[in-house]
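These are my notes from one sitting with the model.

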Number of protein chains: 4
Amino acid sequence: MSKEFFAGIEPVRYEGPDSTNPLGFRFYDKDRMVAGRRMEDHLRFAIAYWHSFTWPGTDPFGGETLLRPWMQGDDAMAMARQKADVAFRMFELLDAPFFAFHDRDVAPEGRNLSESIDNLNAIADIFEAKMETAKVRLLWGTANMFGHRRFMSGAATNPDPEVFTYACGQVKAAMDVTHRLNGQNYVCWGGREGYETLLNTNVKQELDQLGRFLSMLVDYKHKIGFKGPILIEPKPKEPTKHQYDFDVATVYGFLERYDLLKDVKLNIEQNHAILAGHSFDHEVRLAYAMSVFGSIDINRGDDLLGWDTDQFGMNVQEITLLMHEILKHGGFETGGLNFDAKIRRQSIDPQDLLIAHVASMDACARGLLAAEKMLDEKALEGPIVDRYAGWNTSEAKAILAGERSLEQVAGAALSLDPQPRSGRQEYLEGVLNRYT
Amino acid sequence: MSKEFFAGIEPVRYEGPDSTNPLGFRFYDKDRMVAGRRMEDHLRFAIAYWHSFTWPGTDPFGGETLLRPWMQGDDAMAMARQKADVAFRMFELLDAPFFAFHDRDVAPEGRNLSESIDNLNAIADIFEAKMETAKVRLLWGTANMFGHRRFMSGAATNPDPEVFTYACGQVKAAMDVTHRLNGQNYVCWGGREGYETLLNTNVKQELDQLGRFLSMLVDYKHKIGFKGPILIEPKPKEPTKHQYDFDVATVYGFLERYDLLKDVKLNIEQNHAILAGHSFDHEVRLAYAMSVFGSIDINRGDDLLGWDTDQFGMNVQEITLLMHEILKHGGFETGGLNFDAKIRRQSIDPQDLLIAHVASMDACARGLLAAEKMLDEKALEGPIVDRYAGWNTSEAKAILAGERSLEQVAGAALSLDPQPRSGRQEYLEGVLNRYT
Amino acid sequence: MSKEFFAGIEPVRYEGPDSTNPLGFRFYDKDRMVAGRRMEDHLRFAIAYWHSFTWPGTDPFGGETLLRPWMQGDDAMAMARQKADVAFRMFELLDAPFFAFHDRDVAPEGRNLSESIDNLNAIADIFEAKMETAKVRLLWGTANMFGHRRFMSGAATNPDPEVFTYACGQVKAAMDVTHRLNGQNYVCWGGREGYETLLNTNVKQELDQLGRFLSMLVDYKHKIGFKGPILIEPKPKEPTKHQYDFDVATVYGFLERYDLLKDVKLNIEQNHAILAGHSFDHEVRLAYAMSVFGSIDINRGDDLLGWDTDQFGMNVQEITLLMHEILKHGGFETGGLNFDAKIRRQSIDPQDLLIAHVASMDACARGLLAAEKMLDEKALEGPIVDRYAGWNTSEAKAILAGERSLEQVAGAALSLDPQPRSGRQEYLEGVLNRYT
Amino acid sequence: MSKEFFAGIEPVRYEGPDSTNPLGFRFYDKDRMVAGRRMEDHLRFAIAYWHSFTWPGTDPFGGETLLRPWMQGDDAMAMARQKADVAFRMFELLDAPFFAFHDRDVAPEGRNLSESIDNLNAIADIFEAKMETAKVRLLWGTANMFGHRRFMSGAATNPDPEVFTYACGQVKAAMDVTHRLNGQNYVCWGGREGYETLLNTNVKQELDQLGRFLSMLVDYKHKIGFKGPILIEPKPKEPTKHQYDFDVATVYGFLERYDLLKDVKLNIEQNHAILAGHSFDHEVRLAYAMSVFGSIDINRGDDLLGWDTDQFGMNVQEITLLMHEILKHGGFETGGLNFDAKIRRQSIDPQDLLIAHVASMDACARGLLAAEKMLDEKALEGPIVDRYAGWNTSEAKAILAGERSLEQVAGAALSLDPQPRSGRQEYLEGVLNRYT
């Protein structure tokens, strides 16, 4: 079935910048060396199982549009196996180095938790077998604890401790599978770890529950020897009115509060960033500044819409700034660029799924190449170093090191008349336009 | 001059709910006992010097509209003295228990920092004298380190250490004056502690500078014996594109990071809350949950506008939820309700200034009374306690206390099928409407 | 089945302001006379079939929560009949004067258009029979031309004329049924009459198609003798990125352009208003100013969320301003207050459905009573008349009537120095607070 | 003085894509032929007098930063003359083909309207003389009727007819000067033609006033033989809460209502578009679709900020879509690209002013070149034509021409089962990325 779904489509190859083939790469040339690594090892693309294989094209006002063959049958496990075939065929066509999944994406909910876990493990067996011969690896696994009605008021933050308990059961199984498949990270997205109305919510209690849940998960990870980090994925709202993992700064404070900074890092998404009122670049910078950077969900939202559109990332300039930041810090460690992006519900042809990935992979490759050049030429870093150069004097360093009191510094102020210097924003915007 | 400005206006008195006099209180009855305190001691209103006496009615597209007599002269110190007279007359007319100011609101910038400090001290002498006989006290003082061009790229976070130094000099003087006038708190609003573009910004460096600056201020406060807390006032943006004190959660993380939680609390504003994508109630709840609640700027923004409109708070239901939260925690300690609100620039008559305060004070008083009743009748607290009651079992407590491992809890999950319970949001909204 | 769904629930009655029964009215006293009409005849509440009976509690990240008995079977027509029983039972319990529906809410999509129309007619037969004895009348009918995948790129604005044709067939049937059931209006909501991306869209062509479609519908309405207006319901976005019926002003221009002003009016919704960046009051005012006011969808959105939350309207002050405007213009003609509001997906108990309606009906009744009083006392209208009084001079009238040229008026300007007068915004906000 | 302000700066020249000189053009090569015109004749850049020469660097929280020499003196007319010298020097350095101004930008407000007009005419004399030898022409003139306090409640829409009258006097003088200087358009931006609160506003009255005002202006334009169009510039809000010229669609409806479509067109700005919830491309497309396109204010807003930032347009892809639309319609007629953009208040050096213009002019030139190529290769137009090809059948044309009734078309629908076709959004996004 899987070959038929992508019938007549050849594996996507690098064809060079002049190609007009939407199923050929113009910039993504996996073996090209960039800043000391192969391009593939820099970008570490992961295909997301949920958007690409599990979403039927619905939206809040409309039903299924995509009519995927593997969603039309009654035997849920048979469908899950068909889906796996299509997925691995797509990984092959795109030559994708990684994939990622939620437990419920890959295997159906059973009649009870045990059966659900059995279903998951059965599909994991298939994955394990396929992964022996395929190139693709698992970037991360996660548990869907927001779709089923039992989680309507949250999983770890549910007012009912039975739901918390159930969530422990589910997350353990998802962690076990991720570990078995050599996942490089384990992700927590708290889709319903928030509230719909404060009128019925005990915020402090819920935060404490969430802290406890993550602490238990961290302990377990160590116990089983899972090496990768736990990644929290901030999102400010949607589906709930307010989510506790609002943005990078909020999650940082939460990790400090519950003493989780050592084991938990962040998975940052463009669309979630802008819903929180931040640029993508801001969130990534802040995560690095606070040493909690982990991985990226590479997509884009619509600046004029107030919900998660999860469109394919195509903005070369934005991606350039992302890659500039990542390269500056030495490139990804365990993280990668996960395509948390779905084709539009009107993009109903099989090739649309591939074309979207190809176009976005190319945008990322362009961004990587531009970032490398900018770093090499110190196009942005040079002016920043100059701007803060005053802080390199020994007196300035002493102040920053806490070796001066307020009175001491205040005394020095009396004779000063500091003169402002140009911020040169338009100059720097012009520089950026030179590279993108 | 001051008497003439409010010529013919009598002190505002409590007149009861049926009054239609816009210069009479309908609900604010200062001596009425509410939850164990006089109403005045609960609400702790403060008049803001800047909006009421220093803002001329400009906006980004238009000039002065208010034409205040004390802004029309050439002798800046004479003008400052006139302004002080009008201000204290207004405190008297409104019977206001507190006021608040920035250094530059009350006294003009001098030719250099020494002269600026001298100006400030000269006006503080006048205040000190007036406060001996007047009822009004100082809720807090602060330093304006965002208006002058030297601060265009920030004060504590400036790329130039000379500006940081200058800011130390200015903040020390403002703290000294606040201490001398028995201010109950000292506030820091980081209006330009942020960035216009990441292209020219070293985020980590700037955060470290800000942490250092506050640490020095905290040390100094202890040294001089200032008893009140330092209050940070979160705001996500405006004037800059992004401010580091984005919201309550962000500031909490910052305080954790720079070890300032013991001495620094938060001053929360409605308009800043909504600019950050949060309800006012959310920010207040979160501050209490994290033990950083300090004080309130009571105003309102326009839900459909993207900038700080600083309108007078008139939304009784919103204020009821605010007071409900504050009463639940025993009422204000050092904080109060500061009117960080300005009349519209079209409200050019002297009485508009008073009418606005009266209407908002009444809205707050209504909110306080409604909150008291709701707490007495456990209208909201009762249902919340019920909703989380499951967490009172010994097993649930053990989980939350960290006495259970993930495997233990996961094992218990296998036999569970948790059933969701109604969140009852519409019921609770109806309840709230019963009280407001 | 239907009685069992609301088992043990008695019809909701007026119990007076002191009632604390969430299933009793505190303010909605249907026979009370208000401004010359019975309260019921003013408010003209309609229950929306879709939200109350057809929505299963899904959201973009979660499945069904409500588990309605009439959604659990395989026989779609049997389910539709069960649903009708429950619906009419609810109309009775709430003593609702009206209801409203889309074709696909009440009867299932068939294997082809003919069968779909047959299904619709079969349910309409049931409605017709029930309506003979029930009190409830049909406020309006409409066609769902956005849910099925054939409409994924629009109905009237589809690039494919076959879809346009299909939409004609569907809308004719929905109009026929609405006419048969004595619907007082016919509504068009253009959920997908917009675009996802301009990259694939011919805007002018699509607008022309939409104009043509509505013109055909207007002609048909006259032909069959349908007396009520066609109502367009503006919404700026969601589900599509941009909808052509963006807001009141946009639809007004569209109606002018395609010469539809005589036959088409507007159905205005609070949540759509704020998504378009307008207050509810603004949209209603503008519709009256341009003589296109028709009816109201009474709900509320969340000011901090960017999507249609369709919550029950509970904001008494906002509703007061709405009713003030409607009363000022003599009350509804064919329109009414349609509950385009859904309970939260966590409100899973049958009584939640009733409690939500009761609480919102009471909020509307409070608003109506407050509006009546404000109008009687000219609380807002008096100051407005005063403010514009200058335009009552004969010269000012002549200018406005077009009897003066620019030079003439400009000449008069040379000797003028107009002095601004206070806008008195805070005074008026205080007045409004006196009534709400 | 003027030469000294830009001391040491040479006229900016085309240097080719490899240039790294921020004061050299990389793409703007004025004589290069593009789609049948010289590049300069396509882009028709205009320098805005207000942002570049009149704004001192203030924002709502901070004072002057730019310290322009011509803003530091007491003799307002002498300052205005100095400013004119600097302005014309900058036009020369940038080789700008056009400029644009408000009356109050170029000459100071006098003690009364007559003196203000005299001041304006005196500076116009200077302009006239300079323009005889300089290359620069006037793209448009306009009147600032929003800055002075007399306009705080609007100009044409003021509740006081004296202000309306005054506005007539002022606009006549501005039109006269624009005509004298051979302005190619006359622009109206209704900065305060809106409201702060509906509580004190008669919307219908104000709209009628605005319609009358524009009708008088149109009559006058014809009378004096001014050939260019009147341009309205839509903006949804800021400074007021709501402006009547909200967006393109709103203004279109307004022009229809007051019968102004023949003489009035639109001046569209990117930053105003996004504040209204639209993409720039949307507004331009809609204006062309409704035949009201006039001219462009080329700037950009910040997608995450809710106010007018008026930054220099640097987004090549956005500008490409703009130029694609304009080229598709044959290029500008009377309009052009006006730099309604201000340097950041931290960009305090004289060269920042030039660098900003150069970088944005280059971004526009890149956009123009990319658009030409896309049109030549039918990159976007080809797929659009294909998508709507079904409407080319004679039956489809007959439907659209109004030759079919609803019943006729509905009859044809019964046998149809229209199949959706892919919208190909990601493919088209990839195509766009190939050109930009």
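Which residues form one aromatic cluster in chain A? I find Tyr49(A), Phe53(A), Phe88(A), Phe91(A), Phe99(A), Phe101(A) and Phe127(A) in it.

On the ground rules, I note that this is a predicted model, where local features need pLDDT of at least 70 and side-chain atom pairs count only at pLDDT 80 or more, while totals for chains, interfaces and linings use all residues. Residues are numbered from 1 along each chain as its sequence is written, chains are lettered from A and ligands numbered from 1 in the order in which they are written, and side-chain values use heavy atoms, with hydrogens and water left out.

**Aromatic pairs**

I counted rings of Phe, Tyr and Trp (its six-membered ring) as a pair if their centres lie within 6.5 Å; planes under 30 degrees apart are stacked, over 60 edge-to-face, and the rest tilted. Over all chains the structure holds 112 aromatic pairs. I looked up Phe312(A) and Phe339(A), a tilted pair at 5.9 Å centre to centre with 40° between the planes. Phe312(A) sits in the loop between strand S11 (293-297) and helix H12 (316-328) of chain A, and Phe339(A) is in strand S12 (residues 337-339), 27 residues apart. Helices (H or I, at least four residues) and strands (E, at least two) are DSSP runs, numbered from the N terminus. Both Phe312(A) and Phe339(A) are buried; buried is under 20% relative accessible area, exposed over 50%, partly exposed in between (1.4 Å probe, protein chains only).

I then took a pair that crosses between chains, Phe61(B) to Trp189(D). The pair is tilted, at 5.3 Å centre to centre and 50° between the planes. Phe61(B) is buried at 18% relative accessible area, and Trp189(D) is buried at 14%.

**Salt bridges**

I used the rule of a side-chain nitrogen of Lys or Arg within 4 Å of a carboxyl oxygen of Asp or Glu. The count comes to 120 salt bridges over all chains. In chain A, a network of salt bridges links Lys30(A), Asp31(A), Arg38(A), Glu40(A), Asp41(A), Asp95(A) and Lys135(A). Within it I checked Asp41(A) and Arg38(A), which meet at 3.2 Å, N to O. Asp41(A) is partly exposed at 31%, as is Arg38(A) at 24%.

Arg345(A) and Asp59(A) form a salt bridge at 3.8 Å, N to O. The two are 286 residues apart, and Arg345(A) is buried at 8%.

Lys30(B) is partly exposed at 27%, whereas Asp95(B) is buried at 19%.

**Chains D and C**

How many residues of chain D are in contact with chain C? I get 89, against 89 residues of chain C, taking contact as heavy atoms within 4.5 Å. The two chains bury about 8200 Å² between them, 67% of it on carbon and sulfur atoms; buried area is the accessible area (1.4 Å probe) lost on putting two parts together, summed over both. Leu199(D), Trp391(D) and Leu406(D) supply 10% of what chain D buries here, more than any other three residues.

I find two salt bridges across this interface. Glu407(D) and Lys223(C) meet in a salt bridge at 2.4 Å, N to O. Helix H8 (residues 203-224) of chain D gives the most to the side of chain D that touches chain C, with twelve residues.
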